[in-house]
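Please read them with the structure open beside you.

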Amino acid sequence: MMSNLTLGMDYWSLTLPRVIQGFALGFIFVPLSTLTLATIRRDKLVNATSAYNVLRNLGGSVGIALATTYLAQRSQFHQHNLVSHVTVWDPATQERLAQWTSHFLAQGADSFTAQRRALAMLYHDVVGQAQVLAYADDFWLLAILFSIVPLFLPLMRRVHAEPLASREEDAPGQVRPLPAPVD
């Protein structure tokens with residue numbers, strides 16, 4: 001029974017979402033970097049790029065920490081709710097325990113050990129279901145947050161590129177290009 005659970009994942013089930021994610025990241029970070037650094041003068045660009053990367057990494061770390069914390073809290077919440085419905089008087093619980101007990105008895109365990117393993121498997125099932133529900137909650141929270149972000153786009157300042165001539169005059173210490181050869 002457990003082998004059916006572990007064989008449900010193939011190579012493309014894991015690879016395809018990662019390929020799509022990697023492709024989509026280019027559409028996120030390039031415009032984000034452009035918007036962030038477009039108005040910075042060239043002499044300050046190195047420091048601005050460093051500060052931008054530090055803040056981007058810090059924001060990503062904080063976001064991951066918050067999502068993981070929310071995931072753990074929701075998993076505990078769902079586990080508490082699910083366990084409150086699993087009782088020895090519930091017919092579905094009794095049936096599930098009997099199935100697991102007979103499974104372990106068929107594998108050669110004694111009656112006491114089979115019952116303890118059946119309880120452990122029931123607990124394992126509850127924890128697994130609680131984690132699935134917690135991931136669904138986390139997904140919906142992130143989906144809502146990411147759907148709200150585009151509402152802030154009209155509030156962003158429009159970036160206008162400066163003409164090249166004015167940029168060359170403003171950048172002190174910049175090396176001028178060599179003149180074209182004369183024939």
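1. Aspartate 137 is found in helix H5, where helices (H or I, at least four residues) and strands (E, at least two) are DSSP runs numbered from the N terminus. The model is a predicted one, in which local features need pLDDT of at least 70 and side-chain atom pairs count only at pLDDT 80 or more, while totals for chains, interfaces and linings use all residues. Residues are numbered from 1 along each chain as its sequence is written, and side-chain values use heavy atoms, with hydrogens and water left out.

2. Is aspartate 137 buried or exposed? With a relative accessible area of 19%, aspartate 137 is buried, a word that stands for under 20% relative accessible area, whereas exposed stands for over 50% and partly exposed for values in between (1.4 Å probe, protein chains only). If its neighbours within four places in sequence are set aside, aspartate 137 is in contact (heavy atoms within 4.5 Å) with Tyr70, Arg74 and His78.

3. The count of aromatic pairs comes to four; here the rings of Phe, Tyr and Trp (its six-membered ring) pair if their centres lie within 6.5 Å, and planes under 30 degrees apart count as stacked, over 60 as edge-to-face and the rest as tilted. Phenylalanine 23 counts as exposed at 59% relative accessibility, and phenylalanine 27 counts as exposed at 58%.

4. Tryptophan 100 and phenylalanine 104 form a stacked pair, 5.9 Å centre to centre and with 20 degrees between the planes. Both residues, tryptophan 100 and phenylalanine 104, lie in helix H4 (residues 91-106), four residues or about one turn of the helix apart. Tryptophan 100 counts as buried at 5% relative accessibility, and phenylalanine 104 is buried at 8%.

5. Valine 149 is placed in the loop between helix H5 (111-148) and helix H6 (164-170), and is partly exposed, with a relative accessible area of 47%.

6. On confidence, the chain averages a pLDDT (the predictor's confidence in each residue, from 0 to 100) of 85, and 85% of the residues score at least 70. Over residues 1-5, however, pLDDT stays under 50, and the model has three contacts beyond four places in sequence for these residues.
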